[in-house]
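Dear colleague,

I am passing on the structure below, and after it I set out what was found there. Please read the notes alongside the coordinates.

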Amino acid sequence: MLAAILSQSVAASAAPGSVPGAGPLADGVAIKHMTRLPVAGIQAVETTDGRLLFITDNGRYLIRGTVMDLWHGAELTSYQQAETLAGRIDLRRLKLDAADLGAINDGAGRDVIVFVDPQCEHCRALYQDLPALTDRYRFRLIPLPLSAPSQPVVLALHCLAATDPAAALKALLAHDEPLPTPTGSCGQQTAQRTLVTAQILGIQGTPFLIAPDGRMHQGQPSDLAAWLEPLQPTGEDRQ
């Protein structure tokens, strides 16, 4: 249904004055590819005549002209470019500092940012993949309270990490390690920054990974080593 509505909208854009749904696509124009952008309600569309268009999910609004990806400082000029940039972020340009988000580090090497929820089973499964890779990558584990039961645990982890990072890492990975109860507002500012950052990045579940080259992945990769392997030097390793 959605594809049909979008095709009608594209047809209307190709033939000004035509009515969507009134007949076949103008001049044989059709949708060749579609990809959802990391913003609510908008998809990038490549038509069979090579145009890059942007359209709302309900097919009501079609956007033509100059579109800038401010996170990359680039004008979107092709579907392939829009699709590629949609799946990554420029860590250096955004000044995303994992340390400010209470990152708990595991390993040494190129930085891999990983948002995790202490109650997340997939996160705990991901931890099992880390030891074989910590000689090549530094996993910057950022506790994120996506569930109510995780909130006090995250506060305690952020508070502990400020004074004893090794103990915080052990507690996070072991999951059942007792955590000291934070006093006062300890850990609250870090947790708030993390939540705001997660909202900006559109994180809706964990684990959420950001590779050194800015590629993003929602969920546990089926093969973490293979997912990280294509990395090319970018100069964005350390934040």
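What percentage of the residues in the protein is buried? Buried residues make up 43% of the 239 residues, where buried means under 20% relative accessible area, exposed means over 50% and partly exposed lies in between, with a 1.4 Å probe and protein chains only. Please keep in mind that this is a predicted model, in which local features need pLDDT of at least 70 and side-chain atom pairs count only at pLDDT 80 or more, while totals for chains, interfaces and linings use all residues. Residues are numbered from 1 along each chain as its sequence is written, and side-chain values use heavy atoms, with hydrogens and water left out.

The protein has eight helices and eleven strands, these being DSSP runs numbered from the N terminus, with helices (H or I) of at least four residues and strands (E) of at least two. Of the contacts with a separation of 6 or more, 60% are between residues 24 or more positions apart, a contact being heavy atoms within 4.5 Å.

Strand E3 (residues 52–56) is largely enclosed by the rest of the structure, because five of its five residues are buried. In a regular strand the side chains alternate between the two faces of the sheet. In E3, Leu 52, Phe 54 and Thr 56 are buried on one side, and Leu 53 and Ile 55 are buried on the other, so that both faces are covered.

E3 is joined to strand E2 (residues 42–47) by five bridges, in the antiparallel sense, and strands are taken to pair if DSSP finds at least two bridges between them. Val 45 stands opposite Leu 53 here, and the hairpin of E2 and E3 has four residues between the strands, with Gly 50 in the turn at a positive phi of about 85°. E3 also pairs with strand E4 (residues 62–63), again antiparallel, over two bridges, with Leu 62 as the bridge partner of Ile 55. Five residues lie between the strands of the E3 and E4 hairpin, where Gly 59 takes a positive phi near 75°.

Helices H5 and H7

Helix H5 (residues 150–161) packs against helix H7 (residues 188–201) at an angle of about 115°, with the axes 8 Å apart; axes are lines fitted to C-alpha atoms over the stretch in contact, and angles run from 0 to 180 degrees between N-to-C directions. The contact is made by Val 154, Leu 155 and His 158 of H5 together with Gln 188, Thr 190, Ala 191 and Thr 194 of H7.

Buried loop residues

Pro 145, in the loop between strand E9 (137–143) and H5, is buried, with a relative accessible area of 9%. Its contacts, not counting residues up to four places away in sequence, are Asp 117, Ser 150, Gln 151, Val 154 and Leu 195. Pro 145 and Val 116 are 29 residues apart in sequence, yet their C-alpha atoms are 8.2 Å apart in space.

Thr 206, in the loop between H7 and E10, counts as buried at 13% relative accessibility. With residues up to four places away in sequence again left out, Thr 206 touches several residues, among them Val 116, Asp 117, Leu 144 and Gln 218.

Arg 215 is found in the loop between strand E10 (208–210) and strand E11 (216–218), and at 15% relative accessibility Arg 215 counts as buried. A polar atom of the Arg 215 side chain lies 2.9 Å from the backbone oxygen of Trp 227.

With kind regards

Methods
Polar contact = N/O pair within 3.5 Å; in protein donor to acceptor, adjacent residues only side chain to side chain.
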